[in-house]
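Morning, everyone. Please look at the screen.

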Amino acid sequence: MNLYSRFENAFSQALDKPALVLADAPDWTYAHLKGQVELAAGALAAAGVAPGDRVLVQLPKLPETVALYLACLKIGAVYVPVNTAYTPREVAYFIEDAEPRLFVATDPEAGNGGVPVETLTESGGGWRTRLAGAEPVRDTIGRDDKDLAAILYTSGTTGRAKGAMLSHNNLASNVLALDRYWGWRDDDVLLHALPIFHVHGLFVALHCAFLRATPVIFQTRFDIDALIAELPNATVLMGVPTFYTRLLADPRFDAALAAGMRLFISGSAPLTEQTFAEFEARTGKRILERYGMTETLMNTSNPLDGERVAGTVGFALPHIAARIAAEDGQVLGPGEVGGIEVRGENVFSGYWQMPERTAEEFRGDGFFRTGDLGVMDAEGRFSIVGRAKDLVISGGYNVYPKEVERLLDEMPEVTESAVIGVPHPDFGEAVVAVLVAAEGVSEDRVDVHLRGNLARYKQPKRVLCVNELPRNTMGKVQKNELRERYSDIFTA
Ligand code: MLC
Ligand code: AMP
């Protein structure tokens, strides 16, 4: 079944209800959203997009972006969203790899790869012209369970991004599980301040609202004043831990402001026990933490009604199997630390055009190796204790050190580099570069070198020069030692 058919059924029952509540424009009702999806579907078809074609999208968080996503689902095209912070150099790789039929972006020069580019901005762009002249498409194409709905790029330990292929069924099974597990209600109102080019803002937050056609307060970015202003009108907030530390840092945020909220959900990065405790002390409410990733969507969650335990990510969601295993595949028992592995309809079908990489990440019995280290207790509750993959998570965005190190090593004055994540009061972890450079290198030099090449959030917040990097007897850089050495540079 096409995922959009499920949403469309709900939209049709709620035509007069607000779908996207906007700050500085009239709200989009579900009737309007449905109509805009039909027009966007017509515009896509007119642009030559056929079922299975990829549509690459690098757009700000506009209601039209949401309509474009849903239109891709409707006509069976494969939606490929990318972070608006990515530079043209980073986007060039996605164009080459995904071979999109169409690229929709804010900048007409964005493409540069022979792919047709349509522009869409807040006030104009060729895409709006196409929409205005489009013939609406009413029929939603049928899709088989395995048909792709989206490809989301996620970087890897080699520094080369991999496209995770997600099917209509992966997405549908996950939103159905979340709807049930989180007890989504017909009168819920979602406060949405996440970006919509990643799993969290797009497939968790928007899908939960769309499945029951409930209103979304659609904020174009995280803005503490706007968030606080709308809290009394909402019942559910989904955020990365930085949302919650920023709310707690604001004296306006108190129990009265949170009183009408049914659920505060956190994910994408570890929520500290301290934040959990402070939040409960301030509001009387316990944040519900869940765990997921691009390749698997949501895997585990703390319960709606049972005990939500700080520092844990809860139980495997219904119909999802999760286990802890040793590197050699041996399944471990409660209390033993190992790799988290998951299996279920939520798990992606593989990396786009990378069958070998895909095969490496799956066990023979179909379990996917997440690269996260965890432990399960006797009741089946999971905790994440670390990462086997060399990954930094800053404000909920993933940064793969290799990608940054490769660019740093391009600098003539740099002999070698090690990129690490260290604790940061706002972003949870911050990216730090440790460099060996004969003459030393200034932060400004690094800044200038990286600026055009690497998304801003991936760039080091601090650059440190050393005479040599610590290595083990095998010659491998000891990143643990570096992380320890610099653990308090932002928190001291
Ligand atoms: C912004 N900046 C960051 C950053 N976000 N630096 C490091 N890490 C981040 N996450 C930098 C900008 O480059 C800029 O730098 C400066 O901070 C101010 O930019 P801003 O845009 O004003 O920042 P702000 O709005 O405060 O953004 C912070 C944030 C945002 C936490 C609200 O990063 C955010 O929305 N994060 C959510 C990411 C997310 O959705 N992750 C889900 C992935 S899905 P300068 O130097 O130019 O001033 C996933 C699966 C799952 O992981 O389980 O959910
Ligand atoms: P991404 O590849 O962007 O989807 O990021 C997925 C990764 O985010 C996971 O593999 C985890 O390392 C991390 N993550 C997601 N949710 C949590 C959580 N609740 N606690 C700790 N880490 C998390």
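Start with one pair. Arg 246 forms a salt bridge with Asp 426, with the closest N and O atoms 2.7 Å apart. A salt bridge here is a side-chain nitrogen of Lys or Arg within 4 Å of a carboxyl oxygen of Asp or Glu. Arg 246 sits in helix 9 (residues 241-248), and Asp 426 in the loop between strand 23 (416-424) and strand 24 (428-436), so the pair ties together parts that are 180 residues apart in sequence. Helices (H or I, at least four residues) and strands (E, at least two) are DSSP runs, numbered from the N terminus.

Before I go on, some ground rules. This is a predicted model: local features need pLDDT of at least 70, side-chain atom pairs count only at pLDDT 80 or more, and totals for chains, interfaces and linings use all residues. Residues are numbered from 1 along each chain as its sequence is written, chains are lettered from A and ligands numbered from 1 in the order in which they are written, and side-chain values use heavy atoms, with hydrogens and water left out.

Buried means under 20% relative accessible area, exposed over 50%, partly exposed in between (1.4 Å probe, protein chains only).

Stay with helix 9. It is mostly covered, with 6 of its 8 residues buried. Those are Pro 241, Thr 242, Phe 243, Tyr 244, Leu 247 and Leu 248. Their cover includes helix 8 (224-230), strand 11 (236-239), strand 12 (263-266) and helix 11 (273-283). Cover here goes by contact, meaning heavy atoms within 4.5 Å.

Now ligand 1. Arg 246 turns up again: a polar side-chain atom of Arg 246 lies 2.7 Å from an oxygen atom of ligand 1. In the side chain of Ser 268, an N or O atom is 2.6 Å from an oxygen atom of ligand 1. Gly 395 uses its backbone: an N or O atom there lies 3.0 Å from a nitrogen atom of ligand 1. Taken alone, ligand 1 exposes 1000 Å², and the protein buries 75% of that. These areas come from the Shrake-Rupley method with a 1.4 Å probe; for residues, only the protein chains shown count as cover.

How many residues surround ligand 1? The count is 23. A residue is near a molecule if one of its heavy atoms lies within 4 Å of it. Strand 13 gives the most to this shell, with 3 residues.

On to ligand 2. It has 16 residues around it, and among the nearest are Glu 289 and Arg 290. A side-chain N or O atom of Glu 289 is 2.9 Å from a nitrogen atom of ligand 2. Arg 290 brings a backbone N or O atom to 2.7 Å from a nitrogen atom of ligand 2. Asn 398 has a side-chain N or O atom 2.9 Å from an oxygen atom of ligand 2. Taken alone, ligand 2 exposes 500 Å², and the protein buries 92% of that. Strand 13 again supplies the largest share of the shell, here 5 residues.

Last, back to charges. The structure holds 33 salt bridges. Arg 323, Glu 341, Arg 363 and Asp 365 are linked in a network of them.

Key. Polar contact = N/O pair within 3.5 Å; in protein donor to acceptor, adjacent residues only side chain to side chain.
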